Amino acid sequence: MIKENRTNREIINIIVSHNSEEYNLLKLAEECTELSEVLIKMVTKPNRREEKIPQFIEELGDVKLRLDVLIAK
């Protein structure tokens, strides 16, 4: 379990040391898929766009984390 007071770099290093590159690629693909789902809903349901912004930000952060993990490896 990751402690909350760790830095982003420490968290990334833990993920890099515990997961294979293939696993990290699969997780990145999964996070990209989730981000694209949110984006598609924001485009196709513009009247509900505002309520999707927090989910968009969360998914974008997940994608960034997975990219950072792959870059660190």
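Reply: A residue counts as buried when its relative accessible area is under 20%, as exposed when it is over 50%, and as partly exposed in between. Please keep in mind that the model above is predicted.

Me: With that cut-off in hand, is Lys27 buried or exposed?

Reply: Lys27 has a relative accessibility of 17%, and because this is under 20% it counts as buried. Its salt-bridge partner Glu30, by contrast, has a relative accessible area of 34% and is therefore partly exposed.

Me: Where do Glu30 and Lys27 lie, and how many residues apart are they?

Reply: Both belong to helix 2, three residues apart, which is about one turn of the helix.

Me: How many salt bridges does a search of the whole structure find?

Reply: The search returns three. Lys64 forms a salt bridge with Asp68, and their closest N and O atoms are 2.7 Å apart. Asp68 and Lys64 are separated by about one helical turn, because they stand four residues apart in helix 3, and Asp68 is partly exposed, with a relative accessible area of 22%.

Me: How should I read a helix that has buried residues, and which residues of helix 1 are buried?

Reply: In helix 1 the buried residues are Ile11, Ile12, Ile15 and Val16. They sit on the same side of helix 1, because the arc they cover around the axis is only 135°. Ser17 and His18, on the other side of helix 1, are exposed.

Me: What covers the buried residues of helix 1?

Reply: The cover includes helix 2 and helix 3, the latter spanning residues 49-72.

Me: Which residues make up the largest nonpolar core?

Reply: As a general idea, nonpolar side chains in soluble globular proteins tend to be buried together. In this structure the largest nonpolar core has five residues, namely Ile11, Ile12, Ile15, Val16 and Val69. Helix 1 supplies the largest share of this core, with four residues.

Me: What can be said of Thr7, and what separates its C-alpha atom from that of Pro46?

Reply: Thr7 is placed in the segment before helix 1, a helix that covers residues 8-18, and with a relative accessible area of 43% it is partly exposed. Between the C-alpha atoms of Thr7 and Pro46 there are 36 Å, while along the chain the two are 39 residues apart.

Me: Where in the protein is confidence lowest, and where is it highest?

Reply: Confidence is lowest in helix 1, with a mean of 91, and highest in helix 2, at 97. For the protein, the mean pLDDT is 92, and 95% of the residues reach 70 or more.

Note on methods. Residues numbered from 1 in each chain as written. Predicted model: local features only at pLDDT ≥ 70, side-chain atom pairs only at ≥ 80, totals over all residues. Heavy atoms only, no water. Helix = DSSP H or I, 4+ residues; strand = E, 2+ residues; numbered from the N terminus. Buried < 20%, exposed > 50% of the residue type's maximum accessible area, 1.4 Å probe, protein only. Arc of directions from axis to C-beta. Contact = heavy atoms within 4.5 Å. pLDDT = per-residue confidence, 0-100. Salt bridge = Lys/Arg side-chain N within 4 Å of Asp/Glu carboxyl O. Core = buried A, V, L, I, M, F, W, Y, C linked by side-chain atoms within 4.5 Å.
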